[in-house]
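Okay, thanks for making time, everyone.

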Amino acid sequence: MASPLRRTVLTAEAIAQYHQAPITIHPDLKEVNVGEFDGLSTVDMPQTFTELLLDWWKGGRERLPGGESFQELQDRAWRVLEPHTCDGGDGDVLVVSHYFTTLSIIFKILDLPLHMLVRFRMDPGSISMVEFGRFGARLSRFNDTSYQVM
């Protein structure tokens, strides 16, 4: 499964070619909607917007102007993944998505509070893995970049 953004689709295609696996595109796997901040870098924002962004990042506000909350992000991403986590699911599922989307899925699976998102870091292109067994879910890999050649 992949977000519809080009970079995630290309990544999913590169992985799928080695596994003869179909790729399903899900719009609900897109990154958090940052509303009025979409397309801006922190360099492009006036100081007040940068402070607003930092306040949001630290959990001081529920959402950025015109954007969505982390809870809304988690709810939409979970609708896509939940059917694959139940008994009788599809076996292994690969998700190619984005920073906050991936973290919100992991937090949902592990029943962690969303205000803790800022205490975790994931590098671009990293691998995280959750296994489901008879004792529940277990995070077996997180932010693994060991496959990347430096």
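Let's start with charge pairs: the count here comes to 5 salt bridges, where a salt bridge is a side-chain nitrogen of Lys or Arg within 4 Å of a carboxyl oxygen of Asp or Glu. One of them joins the side chains of arginine 79 and aspartate 28, at 3.8 Å from N to O. That pair links distant parts of the chain, with arginine 79 in helix 3 and aspartate 28 in the loop between helix 1 (6–16) and helix 2, 51 residues apart. Arginine 79 is exposed at 54% relative accessible area, while aspartate 28 is partly exposed at 27%. For those words, buried means under 20% relative accessible area, exposed means over 50%, and partly exposed is in between, with a 1.4 Å probe and protein chains only.

Before I go on, the ground rules. This is a predicted model, so local features need pLDDT of at least 70 and side-chain atom pairs count only at pLDDT 80 or more, while totals for chains, interfaces and linings use all residues. Residues are numbered from 1 along each chain as its sequence is written, and side-chain values use heavy atoms, with hydrogens and water left out.

Two other salt bridges. Aspartate 123 meets arginine 121 through their side chains, 3.0 Å from N to O; the aspartate 123 end is partly exposed at 25% and the arginine 121 end is exposed at 54%. Then glutamate 131 pairs with arginine 138, and there the closest N and O atoms are 2.8 Å apart. Glutamate 131 counts as partly exposed at 31%, and arginine 138 as exposed at 53%.

Of the 150 residues, 30% count as buried.

Is glutamate 68 buried or exposed? It's buried, at 10% relative accessibility, and glutamate 68 sits in the loop between helix 2 (47–57) and helix 3 (70–81). So what does the side chain of glutamate 68 make a polar contact with? The side chain of arginine 76, at 2.5 Å. A polar atom of the glutamate 68 side chain also lies 2.9 Å from the backbone nitrogen of asparagine 33. By polar contact I mean a pair of N or O atoms within 3.5 Å; within protein, one must be able to donate a hydrogen and the other to accept it, and residues adjacent in sequence count only if both atoms are side-chain atoms. Glutamate 68 and asparagine 33 are 35 residues apart in sequence, yet 5.4 Å apart C-alpha to C-alpha. Leaving aside neighbours within four places in sequence, the contacts of glutamate 68 include Glu31, Val32, Glu62 and Leu73.

Histidine 98 is another buried one, at 6%, and it's in the loop between helix 3 and helix 4. Its side chain makes a polar contact with the side chain of serine 3, at 2.8 Å. Beyond four places in sequence, histidine 98 touches residues including Leu5, Arg7, Leu29 and Glu31.

On to the greasy bits. The largest nonpolar core has 12 residues, among them Val32, Phe37, Leu73, Phe100, Leu103 and Met122. A nonpolar core here is a set of buried Ala, Val, Leu, Ile, Met, Phe, Trp, Tyr and Cys residues joined through side-chain atoms within 4.5 Å. Helix 4 (99–110) and helix 3 each supply at least two of its residues, and helix 4 gives the largest share, 3 residues. There's a second, separate core of 8 residues, which includes Leu29, Trp78, Ile105 and Ile109.

Most residues other than glycine have a negative phi. Glutamine 20 has a positive one, near 45°, in the loop between helix 1 and helix 2, and it counts as exposed at 69%. Asparagine 143 is also positive, at about 55°, but it lies in strand 2 (residues 136–144) and counts as buried at 16%.

Conventions
Helix = DSSP H or I, 4+ residues; strand = E, 2+ residues; numbered from the N terminus. Contact = heavy atoms within 4.5 Å.
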